[in-house]
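Welcome! Let us take a friendly look at this structure, starting with its pockets and then turning to a helix.

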Amino acid sequence: MQVNTQAPSNITDCSDPNNSKYYVVVVQYAARFNAEGIKNFLYTLNDGKRAKMKFNMRLAPEEISAKLTGYEHNAVTCIGMRTDIRVILDEAITKLNPDFFWFGGGEIDLKLGIRTSEFIDFVKPFIVNCS
């Protein structure tokens, strides 16, 4: 789970999916996360009404992640979270052939497999180039 460390003081939760303090980001395990891609996406999503410097994505502290998602570190999944947190799916996952990927299943040693198209239909994530 990612936290926007530069969110304005009045943004403390996930109630506005377009301008949230927290996002769950799904990237391939072997991929290198690119926070700049999310920063640019959120800036555009908000029509440039906030300076780019007001978007600074970092890994959320474990205790906050566990409180909001209900899952421990290295077990976070975007299915069945305690809080409705907007999901960002790395665009590279949408290009996988076959149309299938594995993601966290809520336990450290548990993974869920799903067709990417079904995941998108069910979760309705933002799709962002972030790896």
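## Pockets and a helix

The second largest pocket has a volume of about 160 Å³. This is a predicted model, in which local features need pLDDT of at least 70 and side-chain atom pairs count only at pLDDT 80 or more, while totals for chains, interfaces and linings use all residues. Residues are numbered from 1 along each chain as its sequence is written, and side-chain values use heavy atoms, leaving out hydrogens and water.

Among the residues lining the second largest pocket are Cys-14, Pro-17, Arg-86 and Phe-122. Here are both pockets together:

| Pocket | Volume | Lining by class |
|---|---|---|
| Largest | about 950 Å³ | 20 nonpolar, seven polar and two charged residues |

The largest pocket has a volume of about 950 Å³. Of its 29 lining residues, Val-25, Val-27, Asn-74, Val-76 and Gly-104 are the closest to its centre. Strand E2 (22-26), helix H2 (62-69) and strand E5 (101-104) each give two or more residues to this lining, and E5 provides the largest share, four residues.

Now to helix H1, residues 35-45. Its buried residues (under 20% relative accessible area, 1.4 Å probe, protein chains only) are Gly-37, Ile-38 and Leu-42. They lie on the same side of H1 because they cover an arc of only 125° around the axis. Their cover includes E2, strand E3 (57-59), strand E4 (87-90) and strand E7 (126-128).

Just after H1, Asp-47 has a positive phi of about 55°.

Definitions and conventions: On a 1 Å grid over the protein atoms alone, a cavity is a set of points where a 1.4 Å probe fits but cannot get out, and a pocket is an open set with protein on both sides within 12 Å along at least five of seven lines; lining residues have an atom within 4 Å of a point. Grid points are joined across faces, edges and corners, and a volume is the space filled by probe spheres set on the points. Ala, Val, Leu, Ile, Met, Phe, Trp, Tyr, Cys and Pro count as nonpolar, Asp, Glu, Lys and Arg as charged, and the others, Gly among them, as polar. Buried means under 20% relative accessible area, exposed over 50%, partly exposed in between (1.4 Å probe, protein chains only). The arc is that of the directions from the helix axis to the C-beta atoms. Contact means heavy atoms within 4.5 Å.
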